[in-house]
Amino acid sequence: MDLDFYYKLCKTLHIVFFTTWMAGIFYLPRIFVYHSGCKRNSQQDKTFQIMEKKLQLYIMNPSLVGTWLFGIILILILNEIEKWLLIKFFLVLGMTFFHFYCNKIRKIFQNGENKKKHVFYRVINEIPTLLFIAIVILAVFKPFV
């Protein structure tokens with residue numbers, strides 16, 4: 001098999017992992033919106049904690065790793081970094097920081113220490129959307145080439 005096959009395979013896996021990561025990163029803050037409105041130690045609180053933990057541990061974390069792994073392999077196959085790709089790299093790094101921030105929030109809920117209202121979570125829910133739009137624009141249009 002030639003290099004083109006491996007490139008296409010890695011690109012496919014990168015897109016699949018990025019898509020599942022984004023699904024989780026869009027959904028988790030939305031769960032926080034609803035979780036912030038329920039009483040501590042209620043059945044609803046416990047259900048949200050389970051949902052948040054499973055979403056992050058079983059979907060988001062592996063998807064984050066797969067996105068980075070296959071993205072780095074793609075860069076190595078291309079053997080060059082253009083300006084658009086460097087900007088995309090920093091935006092994905094920002095998305096990664098947001099991912100870890102969501103993990104911190106999840107632990108705050110788990111420990112019963114949430115003090116923020118649903119409005120805060122509605123606002124931060126828009127951060128990954130803006131990053132996502134910028135990342136996709138860079139990947140499709142490849143400006144600065």
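Over the ring of which residue does the charged end of Lys83 sit? The ring is that of Phe144, whose centre lies 5.0 Å from the charged end of Lys83, where sitting over a ring requires NZ of Lys or CZ of Arg within 6 Å of the ring centre and within 35 degrees of the ring normal. Likewise, the charged end of Lys116 sits over the ring of Phe120, 5.0 Å from its centre.

This is a predicted model, in which local features need pLDDT of at least 70 and side-chain atom pairs count only at pLDDT 80 or more, while totals for chains, interfaces and linings use all residues. Residues are numbered from 1 along each chain as its sequence is written, and side-chain values use heavy atoms, with hydrogens and water left out.

A search of the whole structure finds 11 aromatic pairs, a pair being rings of Phe, Tyr and Trp (its six-membered ring) with centres within 6.5 Å, called stacked if the planes are under 30 degrees apart, edge-to-face if over 60 and tilted for the rest. The rings of Phe32 and Phe109 are stacked, because their centres are 5.5 Å apart and their planes stand at 20°. Phe109 also forms a tilted pair with Tyr121, at 5.6 Å centre to centre and 40° between the planes.

Phe32 is buried, with a relative accessible area of 0%, and Phe109 counts as buried at 5%, as does Tyr121 at 2%; buried means under 20% relative accessible area, exposed over 50%, and partly exposed in between, with a 1.4 Å probe and protein chains only. Elsewhere, ring pairs link Phe18, Trp21, Phe26 and Phe132 into a cluster.
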